[in-house]
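Visitor: Please give me a close look at one stretch of this protein, and then lead me on from there.

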Amino acid sequence: MFTPDRVRLLFVTCIALFMAMLDNLVLGVALPSIQKDLGATLSDLEWFMNAYTLAFAVLLIPFSVLGDSIGRKQVFLAGVAVFTLGSLLSGVSDSAISLILSRALQGVGGAAIVPLSLTLVNGAFPPEKRAAALGMWSGIAGLGLSIGPLVGGLIMEGAPWQMIFYVNVPIGLIAFVLGLKWLQPSRGIRKPFDPVGIVLLTSGLLGIVFGLERGNSEGWGSTLVVSALAGGFALLALFYLWERKRENPFIRFDLFRRKAYASYVFAGFWMNAGVFGAIFLLTLFLQQAQGNSPLGAGVREMAWTTMTMIAAPLAGLAINRFGNKNVLLAGLAFQTVALAWFAWLISAKGADFSFVQMLAPMMLAGTGMGLSFTPLSHGSLTSVPEDAAGEASGMGNATRELGGVFGIAITGLIFQSGATVTNPEQFADHIVPSLEAGALMMAFALLGVAFFVRTRLKAGANAALSAPPSPAPEGA
């Protein structure tokens, strides 16, 4: 039942979540103004975006485990405070380096907000109501991530770029004050402090994310990128070997022996790889090939984002009737078809066609995204013991974040191959194989769920959450 206490918890966690997800992409449209105002170089512009992503992706898992150990409310509120401070400092930045550092501070806060908001919501609702609650959580997350460019465009129409950051300050203060009052303490398994494991994990993730972020600009064969990727994977391997020796490991790798959980993580990686690589390029297509302003492109993308906002809460209700797997399969199928449809449309018509012709695949993609977010989160949490929810949330979110970075890097690499893009028709020719690659990535996610997750008819029919199944768990 959605009691007053649970409604208040949803309100606090979701406004903080929306704030954190919005700042993934909201800055893009303001970069020209920031460059002029701060005298920033092209490399600085990249770091304004990458500093947030790097800090966010690297710290998702450590903060999730920390929340289980010392308290989810405490870590969540600390994240809100740090994010709000980072936003304020970003707004008052008077140099490129200060803005880069402030954006990294925002990423640190966001890395605590996103996974802890999920585990707080998951723990506050009984199994039969979790799907609906997580549907609302997913809808807010998808909305915040998707409308970033639109919000940025609206702000930049009549305000200085600093307002993109200042709008977070009152939201963050409200979330912090209400969170102190309304959130109840909760935690998972308390783990001993493991500085070696934390350093190995964060350093390894940092190397991989940094290598993926810099691959296209530096060259995939460059010493910097190869060293970063190789070093990152080597450090993660050392982290795995280190944790295997510990009696109480920082991360329970036995969770990946659960076929359903591993499948949801796999699907989350490939879904984000496919969809965010496509969104990145389609946003550029609307502006550079079809001549729309940043605000105009954001308005057109509302066909996508509005459907995501509508479908995600409905997915939570649909899970109770059709089962987690079936709802997720529908969402992934819709997105696969939509990306293939975009590729066919641009291949057939080039850049010279009306937005009306893009409306149907945009709406289909948005619906599919909304139908996928909720069962991915719900399935990953309900396929593990309840006391492992923090770890499951952190690993799932980190993997999806890595998937998004990977997808943008790979589709960008495919797009940039061949002749230099100098006109709309060349842009259209180059974007088609990138969109086809995105559809293929989405198909990987679809197949992973179809073959390795067993269907259950109701969300409440998931296995008893506190007891580990044997020998191999089945999914939601």
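**From a loop to a pocket**

Guide: Val-92 sits in the loop that joins helix H4 (72-91) to helix H5 (96-124) (helices are DSSP runs of H or I, at least four residues, numbered from the N terminus). The model is predicted, so local features need pLDDT of at least 70 and side-chain atom pairs 80 or more, while totals for chains, interfaces and linings use all residues. Residues count from 1 along each chain as its sequence is written, and side-chain values use heavy atoms, without hydrogens or water.

With a relative accessible area of 48%, Val-92 is partly exposed (between 20% and 50%, 1.4 Å probe, protein chains only).

Now let's move to the second largest pocket, which holds about 510 Å³ of space (an open set of 1 Å grid points with protein on both sides within 12 Å along at least five of seven lines; lining residues have an atom within 4 Å of a point). Its lining has 20 residues, and Leu-205, Ile-208, Leu-236, Thr-399 and Leu-402 are the closest to the centre. At least two lining residues come from each of helix H10 (195-218), helix H11 (223-245), helix H12 (259-289) and helix H17 (389-416). By class, 19 lining residues are nonpolar, one is polar and none is charged.

Methods: 1 Å grid on protein atoms, 1.4 Å probe; cavity = no way out; pocket = protein on both sides within 12 Å on 5 of 7 lines; lining within 4 Å. Points joined across faces, edges and corners; volume = space filled by probe spheres on them. Nonpolar A, V, L, I, M, F, W, Y, C, P; charged D, E, K, R; others polar.
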